[in-house]
Amino acid sequence: MKEMKVISKRFDKVNPLSIQDYINTNGYTFLKKAIKMERISIIEEVEASYLRGRGGAGFPTHIKMMGLAKETSMPKYIICNADEGEPGNFKDRAILEKDPYAVIEGMTIVAYATGATKGYVYIRGEYLEALKIMKHCIQEATENNLLGNNILGEKFNFTLEVRSGAGSYVCGEEFALIESIEGKPGRTRIKPPFPTQKGVFNQPTMISNVETFANIPFIIEIGGKEYHKIGTPSSTGTKLLSLSGNIKNPGVYEVPFGVTIRAVIEELGGGTLNNRKIKMIQLGGSCGPIIPEYMLDMIIDYERFEEFESKTGSGAIIVMDDRSDIFDILMNTVLFFEHESCGKCVPCREGHVQLLKIIDKFVKRTASSKDLDSLESLARVMHQTSLCGLGQSSPTSIISTIRFFRDEYLDRIDHPASN
Ligand SMILES: Cc1cc2nc3c(=O)[nH]c(=O)nc-3n(C[C@H](O)[C@H](O)[C@H](O)COP(=O)(O)O)c2cc1C
Ligand code: SF4
């Protein structure tokens, strides 16, 4: 299997800082095309493409665009979510560092289509290089009349600024991110109203992922219908994957939706180091499901994630070999989420503390079958009742391992290690 390089076509081929390199490789051709189109036609092209958000939840992008376009309260905002704080994910960093102008062009097209006049790129605090690159590119685009007032001589104003995260994972959640831009602690808000109704500074706001915006120029280039032919009927286009763990060739790969996980691991990743047997993989990052090796022939698309009650389709694949211990992994994962919980709601704030206590019993082989029942029901309660996606999705690794590796749990109950 070969990669299908659509979003990554310029990676390592152009100087990412050079607007001229970008223009020489068809860059800004599609903003020029879009700006001559009816605004609604742009949204219709995105609808025909059935682009779904690449930040995790897979929400159709045209619905957000339409939602923002309909709002009349000005100013309207566009935010690019480049927080990428979840362990195992690094594909947005690759886009920001290797093809930043594609994100800016995508955001500018969306701004034109929806009537937004101001935008932010919210970049993870640790991504210092990406931050520097994006600031430079925004300045260059502004100097070239591709951002700012009367863009390309049309009655269209759109300015862009960079904001830096400060190391909090929950600030990737849309409302926590919005609060952070407003200068407040990053905590979610109760929905509705949704961001397109009342977002940053209580104004209509569309917030989308880096990869989502990078897809927009390509959709305008080939048209929504052609785009829809790539991938599967309900998961269209390509996906950037962050491949890590025990793998010969870790890195970012771009494939059409619908390829199998096995093909990605074996043909692109080269299999495991030292050819160790794969025991399991985690999909989507730390808040995604852990599935056994025999499921590697599963295809990559949004529907598969929904089967796991998981909303994480951000594209991480973490490979773990036969030496990996499930309870070590769960302990690390839950510790991460306990640390990152903002504390606003009880199921997440208290739930992680209790999860850690029970997992510790499995680590020490002192758990009873009642502990297994408590672990499962607590994980489900958190999934169903937490206020934001952090607490809703953090128990996914527990729910999935109880489903696929139940024997390992039972083994710790029935056969405590002798000291
Ligand atoms: C705890 C948490 C962290 C998140 N982190 C990110 C992130 O780093 N990048 C991202 O695009 N979306 C992240 N999301 C999802 C966003 O809330 C939002 O759904 C997304 O930015 C929408 O973009 P999309 O429609 O293009 O997918 C996170 C959600 C949660 C609950
Ligand atoms: S789920 Fe966790 S991170 Fe989200 S609001 Fe509740 S306490 Fe905060």
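Trainee: By class, how many nonpolar, polar and charged residues does the shell around ligand 1 have?
Mentor: This is a predicted model, in which local features need pLDDT of at least 70, side-chain atom pairs count only at pLDDT 80 or more, and totals for chains, interfaces and linings use all residues. Residues are numbered from 1 along each chain as its sequence is written, while chains are lettered from A and ligands numbered from 1 in the order in which they are written. Ala, Val, Leu, Ile, Met, Phe, Trp, Tyr, Cys and Pro count as nonpolar, Asp, Glu, Lys and Arg as charged, and the others, Gly among them, as polar. On that scheme, the classes in the shell around ligand 1 are 7 nonpolar, 10 polar and 5 charged.

Trainee: Which residues come nearest to ligand 1?
Mentor: A residue is near a molecule or strand if its C-beta atom, placed from the backbone, lies within 6 Å of it. Of the 22 residues around ligand 1, those that come nearest are G53, G55, G172, N209 and G389.

Trainee: Which elements give two or more residues to the shell around ligand 1, and which gives the most?
Mentor: Helices (H or I, at least four residues) and strands (E, at least two) are DSSP runs, numbered from the N terminus. Two or more residues come from each of β4 and α16. With 3 residues, the element that gives the most to this shell is β4.

Trainee: From which domains does the shell around ligand 1 draw at least three residues each?
Mentor: The domain bounds come from an automatic or database domain assignment. The assignment gives domain 1 (19-228), domain 2 (238-321) and domain 3 (326-414). The domains that each supply at least three residues to the shell around ligand 1 are domain 1 and domain 3.

Trainee: How many residues do domain 1 and domain 2 each bring to their contact?
Mentor: Two residues are in contact if their C-beta atoms, placed from the backbone, lie within 7 Å. The C-alpha centres of domain 1 and domain 2 lie 27 Å apart. Their contact takes 13 residues from domain 1, and the number from domain 2 is 17.

Trainee: Which residues come nearest to ligand 2, and which elements give two or more residues to its shell?
Mentor: Of the 14 residues around ligand 2, the nearest are C342, C345, C348, C388 and G391. Two or more shell residues come from each of α14 (346-363) and α16 (389-393).

Trainee: How many residues of strand β1 are buried?
Mentor: A residue is buried if 20 or more other C-beta atoms lie within 10 Å of its own, exposed if 12 or fewer, and partly exposed in between, with C-beta atoms placed from the backbone. In a regular strand the side chains alternate between the two faces of the sheet. In β1, Y77, I79 and N81 point one way and I78, C80 and A82 the other way, and all are buried. For β1 (residues 77-82), the count of buried residues is thus 6 of 6.

Trainee: Which residue of β4 is the bridge partner of I79?
Mentor: Two strands pair if DSSP finds at least two bridges between them. β1 pairs in the parallel sense with β2 (residues 118-123) over 6 bridges, and with β4 (residues 205-209) in the parallel sense over 5 bridges. While A82 has I123 of β2 as its bridge partner, the partner of I79 in β4 is I207.

Trainee: What is omega for the cis peptide bond from K191 to P192?
Mentor: The bond from M74 to P75 is cis, with omega near 0°, and P75 lies in the loop between α4 (61-70) and β1. P192 is placed in the loop between α8 (174-181) and β4. For the cis bond from K191 to P192, omega is near -10°.

Trainee: Does Y50 count as buried or partly exposed?
Mentor: Y50, in the loop between α3 (39-49) and α4, is not a glycine and yet has a positive phi of about 55°. Y28 also has a positive phi, of about 70°, but it has 20 C-beta neighbours inside 10 Å and therefore counts as buried. Because Y50 has 19 such neighbours, it counts as partly exposed.

Trainee: What is the radius of gyration of the protein?
Mentor: The protein has 18 helices and 9 strands. The radius of gyration is taken over C-alpha atoms, and the globule rule is 2.2 Å times the number of residues to the power 0.38. For 419 residues the rule gives 22 Å, so the protein is as compact as a globular protein of that length, its radius of gyration being 22 Å.
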